[in-house]
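Visitor: I have not read a protein model before, and I would like to learn how its features are described. Could you take me through this one, step by step?

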Amino acid sequence: METSRKTLSFSDALHHLLVMMLTFIRGVYSMPVPTDVPMCTASETAQYSLMFTGKWTQAAFPKQYPVYRPPAQWSNLIGVTHSYDYHMWQSNEFASNGVREFAEKGEAWTIMEEVETAGERIQSVYGILSAPAVVGGTGQMNTEFEVFARHSYLSFIVRIVPSPDWFVGADSVDLCDGDHWKEKVTLELFPYDAGTDSGFTFSSPNFETIPQDRIMQITSSFPSHPANSFFYPRLKHLPPIAKVTLTKIKKMNQIISLPLEPTQSNLLLTGNEIEDKLINTPLDCEVSAWSPWGLCKGKCGDSGVQHRTRYIIMHPANNGAACPLLEEERKCFPDNCL
């Protein structure tokens, strides 16, 4: 009950702050636009719906899949519509303090202050959008937003929960194509590491990265460490962990529409909402190194036998390679035999 009250309080505060910031940002007069940058020449604004679909299943990502404390889920989505000269985050660049706090803790206050500052300083941000958290690895959240020619780009970020500092998102998706708006855009999303925490697994304790690394996309082979929760050396590419669909809709008077608190109706995928084939990622068995050879057991003057063992670190899944033998023996001759 206490957790529920905290969630509602955060959501209400986030709602009011977003509305106030949006009102302020839209009231700022736009600066002149450089002529050396390809420009959107669409004459009218456009309204879009954003549908986020989680595809984080145990079948697709069987390694260390979090099932409790907490189970696999997604944070709120925070996004902005902006001009070409603004970036909420960029791959191979350092994360801002706001992105750091959001990627590590899901706290959005600092990143929204950064957005507000960008609106004041370079007048590059037009609107802020938000969608509610998804309390499962698979589920959906949605929102609506508006863009216009001067600010035709969309960026957003969603934290992977639990994780050290991992997230999915998009950087500067241009919704304009010359003099018209794109009707539909589909984005397959893959995990990113914010470069601020050095944990390898979903449930790693906080371990600050000093010095801070750049934001990097996590792949099936990077970071190249067997403990990494996304390390699947048999795969050339990771399957997408989420998807966003942007659909142009009829223009409405309301600029942004913040959804209600999460309910079962927007958390579970049903019917035709699942368009992709079920992905089953093979997970090979992982075993520890061999223990030292044990004592040689046998009668004096005769050959004996000694054993060594190893244990299973990761059980196989989805037709992955089976576990090898966990015990081995060899002939030996007893030492110090009288």
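Visitor: Where does His225 lie?

Guide: In this model, which is predicted, His225 belongs to the loop between strand 11 (216-217) and strand 12 (242-249).

Visitor: How should I judge whether His225 is buried, exposed or partly exposed?

Guide: The general idea is to look at relative accessible area, where under 20% is buried, over 50% is exposed, and what lies in between is partly exposed. His225 has 33% relative accessibility, and therefore counts as partly exposed.

Visitor: Which residues is His225 in contact with, once its neighbours within four places in sequence are left aside?

Guide: With those neighbours left aside, His225 is in contact with Phe200 and Phe231. Phe200 is 25 residues from His225 in sequence, while the C-alpha atoms of the two are 8.2 Å apart in space. The side chain of His225 also has a polar atom that lies 3.0 Å from the backbone nitrogen of Ala227.

Visitor: Which side chain makes a polar contact with that of Ser172?

Guide: Ser172 has its place in strand 6, and its side chain makes a polar contact of 3.3 Å with the side chain of His87. Leaving aside neighbours within four places in sequence, the residues in contact with Ser172 are His82, Tyr86, His87, Tyr153, Leu154 and Ser155.

Visitor: How can I check the span of a helix, and what should helix 3 span?

Guide: The general idea is to multiply 1.5 Å by one less than the number of residues. Helix 3 (residues 109-121) has 13 residues and should therefore span 18 Å, and this agrees with the 18 Å between its end C-alpha atoms. Just after helix 3, Gln123 takes a positive phi of about 50 degrees.

Visitor: Which residues of helix 3 are buried?

Guide: The buried residues in helix 3 are Thr110, Ile111, Met112, Val115, Ala118 and Gly119. Taking Thr110 as the case to look at, its relative accessibility is 19%, so it counts as buried. When residues up to four places away in sequence are not counted, Thr110 touches Asn97, Gly98 and Glu101.

Visitor: How many aromatic pairs does the structure hold?

Guide: The structure holds 13 aromatic pairs. A pair is read from the distance between ring centres and the angle between ring planes, with planes under 30 degrees apart counted as stacked and over 60 as edge-to-face. The rings of Trp56 and Tyr65 have centres 5.8 Å apart and planes at 70 degrees, so this pair is edge-to-face. Trp56 is buried because its relative accessibility is 0%, and Tyr65, at 16%, also counts as buried.

Visitor: What about the pair formed by Phe167 and Tyr192?

Guide: Phe167 and Tyr192 form a stacked pair, at 5.8 Å centre to centre and with 20 degrees between the planes. This pair links distant parts of the chain, since Phe167 is in strand 6 (residues 166-174) and Tyr192 is in strand 10 (residues 192-193), 25 residues apart. Phe167 is buried, with a relative accessible area of 0%, and Tyr192 is buried with 14%.

Visitor: Which residues form one aromatic cluster?

Guide: Phe52, Trp56, Phe61, Tyr65, Trp74, Trp166, Phe202 and Phe230 form one aromatic cluster.

Visitor: Stepping back, how many helices and strands does the protein have?

Guide: The secondary structure comes to three helices and 16 strands, and 44% of the 338 residues count as buried. Among contacts with a separation of 6 or more, 76% are between residues 24 or more positions apart.

Note on methods: Residues are numbered from 1 along each chain as its sequence is written. This is a predicted model: local features need pLDDT of at least 70, side-chain atom pairs count only at pLDDT 80 or more; totals for chains, interfaces and linings use all residues. Side-chain values use heavy atoms; hydrogens and water are left out. Helices (H or I, at least four residues) and strands (E, at least two) are DSSP runs, numbered from the N terminus. Buried means under 20% relative accessible area, exposed over 50%, partly exposed in between (1.4 Å probe, protein chains only). Contact means heavy atoms within 4.5 Å. Rings of Phe, Tyr and Trp (its six-membered ring) pair if their centres lie within 6.5 Å; planes under 30 degrees apart count as stacked, over 60 as edge-to-face and the rest as tilted. A polar contact is a pair of N or O atoms within 3.5 Å; within protein, one must be able to donate a hydrogen and the other to accept it, and residues adjacent in sequence count only if both atoms are side-chain atoms.
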